[in-house]
Amino acid sequence: MSDGRSGPDAGRDVEAYAGLGDWTPESLAVAGEVRAVLSAPHPVLSRAGDDVDPTAEETVRLAADLVATMRVSPGCVGLAAPQVGVAARVFAVDVTGHPKAVTVHGTFVLCNARVVEATRWKPGREGCMSVPDLTGDVKRASRLVVEGDLPGTGAAVRLVTDGFEARALQHEIDHCAGLLFLDRVAGAHAVYQRKVYL
């Protein structure tokens, strides 16, 4: 029986999806390199990323580089492949220690992620390393279910999260679709000059 999916997940049972398990960035067994983060209006930031093979060597290296870059960037809670010049559906998130975070899955990377459930929509302020001078009010789901694949193992995961981590995931999934938070604001009245620079 089909679960209604098409593409690479066609025929995959929902039960095949699990949480992160014991996956950590160290599972990648690759030392990530810090990459330069692109700023808008660089064209790769407005291009939808391609699906990737999560077990491919270049995907594993990209995942490690995203984590390494995120870790050296103050205030960064997420980073997507387009932000480092790669039009691919890969991103890293880590909201550990953020004062607004309630649910925290630690540091993780997802490939080919998609939102399967989004509820409890609320506005909130967002910033972005690729838009360093501005912040904006964006309405996002505060409860989220996301499915994707882990780099390295290729394991299918299903994450249920809320609050600030849910917002971070949606922000990064947008990057992978060629969207910035500026594409989601209600208008110019919801955009502000950043007061604290990254």
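What follows is a short chat about a predicted model of one protein chain and its second largest pocket.

Biologist: Which ground rules apply here?
Modeller: The model is predicted, so to speak of local features we need pLDDT of at least 70, side-chain atom pairs count only at pLDDT 80 or more, and totals for chains, interfaces and linings use all residues. Residues are numbered from 1 along each chain as its sequence is written, and side-chain values use heavy atoms, with hydrogens and water left out.

Biologist: What pattern does the protein chain follow?
Modeller: Along the sequence it reads α-β-β-β-β-β-α-β, with helices (H or I, at least four residues) and strands (E, at least two) taken as DSSP runs numbered from the N terminus.

Biologist: How big is the second largest pocket?
Modeller: It holds about 180 Å³ of space, the volume being that filled by probe spheres set on grid points joined across faces, edges and corners. A pocket is an open set of points on a 1 Å grid over the protein atoms alone, where a 1.4 Å probe fits, with protein on both sides within 12 Å along at least five of seven lines, and lining residues have an atom within 4 Å of a point.

Biologist: Which element gives the largest share of that lining?
Modeller: β3 does, with four residues, while β3 (108–128), β4 (131–149) and α2 (163–176) each supply at least two. Among the lining residues are K100, R125, R140, F164 and R167.

Biologist: Switching topic, how much of the protein chain is buried?
Modeller: Of its 198 residues, 48% count as buried, meaning under 20% relative accessible area with a 1.4 Å probe, protein chains only.

Methods: Buried < 20%, exposed > 50% of the residue type's maximum accessible area, 1.4 Å probe, protein only.
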